[in-house]
Structures are given as C-alpha cells and as structure tokens.
Amino acid sequence: MKKAEKKALVTGDVIIVGVDIAKKKHWARIYNPVGLDVVKPFSFQNTKDG
C-alpha cells in the first residue's frame, strides 16, 4: 500500500502518533492526516521519569 493510499484511510478528527523505540532514548512525532506536525518531533528517555 502506498503512502497516499494509507493517508486516504484516515478520516475525521484524527491525530497520528508515531514512536521510535530505542534502548535509551525514544522519539515521538504527532501529526494530522494531512501530514502536518501538531508539535515538533521530540525525544524522551527510557527511564521512570521519561
């Protein structure tokens, strides 16, 4: 399935969250179905506080 086809499946008031899991530091991206970032991608530590 192509990227455009996947985006077409998402409708309505939807926010998409992607998380890249790593050993020490994770990264997250939050964006809308159009592909615009809701917030800038950010990192957080793999700890209790993170």
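Buried means under 20% relative accessible area, exposed over 50%, and partly exposed in between (1.4 Å probe, protein chains only). This is a predicted model, in which local features need pLDDT of at least 70, side-chain atom pairs count only at pLDDT 80 or more, and totals for chains, interfaces and linings use all residues. Residues are numbered from 1 along each chain as its sequence is written, and side-chain values use heavy atoms, with hydrogens and water left out.

Select Phe-42 to begin. Phe-42 lies in strand S3; strands (E, at least two residues) and helices (H or I, at least four) are DSSP runs numbered from the N terminus. Because its relative accessible area is 34%, Phe-42 counts as partly exposed. Next, display its contacts (heavy atoms within 4.5 Å): leaving aside residues up to four places away in sequence, Phe-42 touches His-26, Trp-27, Ala-28 and Ile-30. Ala-4, by comparison, is 38 residues from Phe-42 in sequence and 25 Å from Phe-42 in space, C-alpha to C-alpha.

Now select Lys-3, Lys-6, Lys-7, Val-10, Ile-16, Arg-29, Tyr-31 and Gly-35, which line the largest pocket. Helix H1 (3–9) and strand S2 (25–31) are the elements that each give two or more residues to this lining, and the largest share, 3 residues, comes from H1. A pocket here is an open set of points on a 1 Å grid over the protein atoms alone, where a 1.4 Å probe fits, with protein on both sides within 12 Å along at least five of seven lines; lining residues have an atom within 4 Å of a point.
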